[in-house]
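Colleague: I am new to this structure and would be grateful for a close look at a single part of it. Could you please take the salt bridges and describe their surroundings in one connected account?

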Amino acid sequence: LASGGSDAAIFIWDISTSITVARFISHKEPIYTLDFSRDNSVLASGGLDNTIKVWNMSKLTKDVEQSEDFSKFTTKNETQYEIGSWRTKQTPISLLHFTRRNLLVGLG
């Protein structure tokens, strides 16, 4: 599960244990939209900072599974999970959606 809000942070949760697995804080303004790719290997985020960011959930999942006690797992360097970042000129991102063909569509 992923959540984001007015604090500009994205939280990744393990819903079976209700533990926060990761916290990404590279957005500068509130998060308006999150969407997972069809195979859940990628998370896209966007918001008021006019930026779309794409995160590697496959790598995060692998790192969490390999940790000895994932309840104590922390993301020390979130940039290792960031696949890319794209900024618009002056348009906040209000909606992101992965299509059936796994193409990311954004609306601002």
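Modeller: The account below treats the salt bridges, and then the nonpolar residues around them. Please bear in mind throughout that this is a predicted model.

The count comes to two salt bridges. One of them joins glutamate 82 to lysine 53, with 3.6 Å between the closest N and O atoms. Glutamate 82 belongs to strand 7 (residues 82-87) and lysine 53 to strand 6 (residues 51-56), so this pair ties together parts that are 29 residues apart in sequence. As for accessibility, glutamate 82 is partly exposed, its relative accessible area being 23%, whereas lysine 53 counts as buried, at 8%.

The other pair is lysine 59 and aspartate 63, whose closest N and O atoms are 3.4 Å apart. Both residues lie in helix 1 (residues 57-66); because they are four residues apart there, about one helical turn separates them. Lysine 59 is partly exposed, with a relative accessible area of 29%. Aspartate 63 has a value of 19% and is buried, because the limit for that class is under 20%.

In soluble globular proteins, nonpolar side chains tend to be buried together. Here the largest nonpolar core has 13 residues, and those with the most contacts inside it are Ile10, Ile12, Phe24, Leu43, Trp55, Met57 and Leu60. Two or more residues of this core come from each of strand 2 (10-14), strand 3 (19-24) and helix 1. Apart from this core lies another, of seven residues, including Val42, Val54, Leu96 and Phe98.

Leucine 43 connects these themes. When residues up to four places away in sequence are not counted, leucine 43 touches, among others, Ile10, Ile12, Trp55 and Met57. The contacts of leucine 43 also include Lys53, the residue that forms a salt bridge with glutamate 82. Val54, which leucine 43 touches as well, is one of the residues of the seven-residue core.

Finally, strand 3 deserves a word. Threonine 20 is found in this strand and is partly exposed, with a relative accessible area of 31%. Leaving out residues up to four places away in sequence, threonine 20 touches Phe11, Ile12 and Trp13. Ile12 is among the residues with the most contacts inside the largest nonpolar core. Threonine 20 and glycine 4 are 16 residues apart along the chain, and 12 Å separates their C-alpha atoms.

Key:
Residues are numbered from 1 along each chain as its sequence is written. This is a predicted model: local features need pLDDT of at least 70, side-chain atom pairs count only at pLDDT 80 or more; totals for chains, interfaces and linings use all residues. Side-chain values use heavy atoms; hydrogens and water are left out. A salt bridge is a side-chain nitrogen of Lys or Arg within 4 Å of a carboxyl oxygen of Asp or Glu. Buried means under 20% relative accessible area, exposed over 50%, partly exposed in between (1.4 Å probe, protein chains only). A nonpolar core is a set of buried Ala, Val, Leu, Ile, Met, Phe, Trp, Tyr and Cys residues joined through side-chain atoms within 4.5 Å. Contact means heavy atoms within 4.5 Å.
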